[in-house]
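This report describes one protein chain, beginning with a single residue and then turning to the chain as a whole.

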Amino acid sequence: MTGVFSAADHAHMARALLLAERARFTAHPNPVVGCVIAHADKVVGEGFHIRAGGPHAEVHALRMAGEQARGATAYVTLEPCAHYGRTPPCALALIQAGVARVVCALGDPFEQVAGGGFALLREAGITVEVGLMAAAARELNIGFLTRIEQGRPFVRIKLASSLDGRTAMADGTSQWITGAAARADVQQWRARAGAVLTGAGTVLADDPRMDVRLPPEVDVAGSLRVVLDASLRSLAKVAIRSGNTPTLYLHAPHADVPAGDWGQAQFAAVALGSDGRPDLQAVMKALAGRGINEVHVEAGAQLCGALVAAGLCDELLLYQAMTLMGDEARPLLSGLGIQAMEQQRRLHLHEVLMVGADLRLRLRPQG
């Protein structure tokens, strides 16, 4: 049910969304959620869900509000849970605290919630209004919602190119096309993703670490590194297994995992496509099964092109340097098989921003 929302309602929900954003690097695989408890313009409690297994946003806000929660309005960015998981139901906590009204941005499609939280609140006589700033709330949890609704993570492909769409010289040299600010910005996107994915070719060519490198004071839950390597030919490269971040190798069912101590490396078989490479739909289903909401891809033109061709690119994160590299340099994507104008893959410009001297574009498929 959508109500007529006041200026105070909008202000409190905007604050709740900002609070939720604070857990961008720590909450996954759970959604990020913020909560504000108020009497008219007066805020008496606020909180956000910090990490999986910890108190939810509503609990933090209710603890802060104490007895002042009675008769108040609770503003929540996602439907309060109605089930016993690692924590008790937040809907029940709101009922017990005596709030009079709950304003929620968005329903939770997770099958153990899916309207159940709203039903519990209404059965207790609490007024429930849904839909305030819903688009912003959905964007905040685009990965979680994609996983629950589509059974796969939200896939973001990061690319860096010249203005003429080139990612490396003909010999493979690519360091550095973009500047230090752009490279630092990429760390933020790695940190928010549940998995950073690459291919065996990139590991063999670049020996990358693919970990999250942010200042030590920044709280980060960590991202799983994933290597698509049907024959496990990239195991000789060790940087991808360095540090404390686990690395998952997705390989062919018939591949032999070599004996020995591989540290935090994990191995899992995945079905192959007709090209002998890991089936990308199966890969995404496997990652969703591990609770991965967002996949951040840093790979070569072949794998990135294959993801786009398979309809598995939800967003291109493209950093463009103000330079030209010429037609002999390597292209942005390969394997799209576009032969005619009507086969173009049109994109929507979701965001544009200057990052240092480079242009950052966030592009999503139209429709």
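In this predicted model, glutamate 58 counts as buried because its relative accessibility is 3%, where buried means under 20% relative accessible area with a 1.4 Å probe and protein chains only. UniProt, in an unreviewed entry, lists Glu58 under "active site"; such annotations may be inferred rather than shown by experiment. Glutamate 58 is found in helix H2, residues 57-65, a helix being a DSSP run (H or I) of at least four residues. Leaving aside residues up to four places away in sequence, glutamate 58 touches Cys35, Val76, Leu78, Pro80, Cys90 and Leu94, with contact meaning heavy atoms within 4.5 Å.

The protein chain has 10 helices and 16 strands, strands being DSSP runs (E) of at least two residues. Its radius of gyration, taken over C-alpha atoms, is close to the globule-rule value for 367 residues, so the chain is as compact as a globular protein of that length. The rule is 2.2 Å times the number of residues to the power 0.38.

| Quantity for the protein chain | Value |
|---|---|
| Radius of gyration | 23 Å |
| Box of C-alpha atoms along the principal axes | roughly 70 × 45 × 40 Å |

Buried residues make up 50% of the 367 residues. Of the contacts between residues at least 6 apart in sequence, 69% join residues at least 24 apart.

Residues are numbered from 1 along each chain as its sequence is written. Local features need pLDDT of at least 70, side-chain atom pairs count only at pLDDT 80 or more, and totals for chains, interfaces and linings use all residues, while side-chain values use heavy atoms, with hydrogens and water left out.
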